Amino acid sequence: MAFDLIIVGGGRMGGALAKGLVKANWCAPSALAIIETSQQTREALALELPGVTVLASLELEHVDTERTGAVLAVKPDQAEGTARLIGAVGVRRLLSVVAGLSTKRLEAVLPSGAAVIRSMPNTPVLVGKGVSAISGGDFATKDDLDWASSVLGAVGTVVRLSEKHMDTVTGLSGPMPAYLYMVVEALVEAGVHQGLTREVSRELVIGTFEGSAALLAASGETPEELRSQVTSPGGTTAAGLRMLEARAVRAAFLEAVAAASERSRQLGR
Ligand SMILES: NC(=O)c1ccc[n+]([C@@H]2O[C@H](COP(=O)([O-])OP(=O)(O)OC[C@H]3O[C@@H](n4cnc5c(N)ncnc54)[C@H](OP(=O)(O)O)[C@@H]3O)[C@@H](O)[C@H]2O)c1
């Protein structure tokens, strides 16, 4: 039986995508298959996604060359070998979520003319609030990009970019949850240092983190405007911000994104 969509690699990213697609009714569960080498992960996915086919390997009979698309969601070191197998069973449209892997390298292991769409999602896809950037390879048409947008749109928002920007995305929104969690961790610790219990400090910090993101999204105001609204001249927030500037926190973020983007470039070589 051929499927509409085959997700190859049912780990964190592939599993989250499958759950988002089922929840969004992107296709009937019976039109979706997940190929996953780990038996334990296969069993967990089969329990969580009734009606979705979860298999250990990809075969010719699973693919209708005209309509079956695949998502490549394995670790970078397994990606090109796995893409080669996907191409060998007749898939002509591939959406990759693999960090740092260029469309050129994927095109080189797929049958000539196959459409490749490279993407960079981030972990909030696990709760349907991811942000993904996509870019198409040499043979990807507008239809292929629309298809990729609709797949990733099931688990968040999608931005289309030229591939030359993908390493920057890989250094910015890809790891950004980790950057922000580090900020949250540090602020919880700061509350503890000032005498709060860890539980109270965590409640204050995480609640403020969620509320601030919601306010930014709902108000339509820029981060600069919202920040200046809580910074009265000579007040407490101004004293705190002055210290952050003195410790070059802004410059540290510029350097962090530059370093992560450079690492993505290195991985892609
Ligand atoms: N997690 C993120 O935040 C994130 C963000 C953006 C992009 N990505 C990208 O998403 C990709 C997957 O990351 P992940 O975090 O989801 O990794 P993961 O949890 O390790 O998932 C990959 C899964 O694929 C399985 N697998 C390996 N080779 C396979 C094959 N040939 N056929 C079928 N299944 C196979 C692995 O099984 P075994 O354990 O048995 O090897 C594993 O369960 C990576 O390339 C990463 O760059 C991840």
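Q: Which residue with a positive phi follows H10?
A: This is a predicted model, in which local features need pLDDT of at least 70, side-chain atom pairs count only at pLDDT 80 or more, and totals for chains, interfaces and linings use all residues. Residues are numbered from 1 along each chain as its sequence is written. Helices (H or I, at least four residues) and strands (E, at least two) are DSSP runs, numbered from the N terminus. Phi is positive, near 60°, in the residue that follows H10, Ala248.

Q: Where is Ala248 placed?
A: Ala248 has a positive phi of about 60° although it is not a glycine. Most residues other than glycine have a negative phi. The place of Ala248 is the loop between helix H10 (236–246) and H11.

Q: Is Ala248 buried or exposed?
A: Count C-beta atoms, placed from the backbone, within 10 Å of the residue's own: 20 or more others make it buried, 12 or fewer exposed, and anything in between partly exposed. Ala248 has 11 other C-beta atoms within 10 Å. So Ala248 is exposed.

Q: How many of the 11 residues of H10 are buried?
A: H10 lies largely in the open. That is because its number of buried residues is zero.

Q: In which loop does Asn25 lie?
A: Asn25 is not a glycine, yet its phi is positive, near 55°. Asn25 is exposed, because 9 other C-beta atoms lie within 10 Å. Its loop runs between H1 and strand E2 (32–35).

Q: How does Gly268 count, buried or exposed or partly exposed?
A: Gly268 is found in helix H11 (residues 249–268). There are 17 C-beta neighbours inside 10 Å, so Gly268 counts as partly exposed.

Q: Which residues is Gly268 in contact with, leaving aside its neighbours within four places in sequence?
A: Two residues are in contact if their C-beta atoms, placed from the backbone, lie within 7 Å. Pro76 is 192 residues from Gly268 in sequence, and 9.5 Å from it in space, C-alpha to C-alpha. The contacts of Gly268 are Gly100, Leu101, Ser102 and Asp167.

Q: What is the distance between the C-alpha centres of domain 1 and domain 2?
A: The domain assignment gives domain 1 (5–165) and domain 2 (176–268). These bounds come from an automatic or database domain assignment. The C-alpha centres lie apart by 33 Å.

Q: How do the residues of the side of domain 1 that touches domain 2 divide?
A: Eight residues of domain 1 are in contact with five residues of domain 2. Ala, Val, Leu, Ile, Met, Phe, Trp, Tyr, Cys and Pro count as nonpolar, Asp, Glu, Lys and Arg as charged, and the others, Gly among them, as polar. The side of domain 1 divides into four nonpolar, four polar and no charged.

Q: Which residues of the shell are closest to the ligand?
A: The shell around the ligand has 26 residues. A residue is near a molecule or strand if its C-beta atom, placed from the backbone, lies within 6 Å of it. The shell divides into 11 nonpolar, 12 polar and three charged. The closest residues are Gly9, Gly11, Met13, Ser38 and Ala99.

Q: Which residue of E5 is the bridge partner of Leu72?
A: Strand E4 (residues 69–72) points Gly69 and Val71 one way, and Ala70 and Leu72 the other way, and all are buried. E4 pairs with strand E5 (residues 93–96) in the parallel sense over three bridges. The partner of Leu72 is Ser96.

Q: What unit do E4, H3 and E5 make?
A: A crossover is right-handed if, with the strands pointing away from the viewer, the path from the first strand over the helix to the second runs clockwise. E4, H3 and E5 make a right-handed β-α-β unit.

Q: Through which helix does the chain cross from E7 to E8?
A: Strand E7 (residues 130–136) and strand E8 (residues 156–160) pair in the parallel sense over five bridges. Ser132 stands opposite Val158 in E8. The β-α-β crossover is right-handed, and its helix is H5 (residues 142–153).

How values were computed
Two strands pair if DSSP finds at least two bridges between them.
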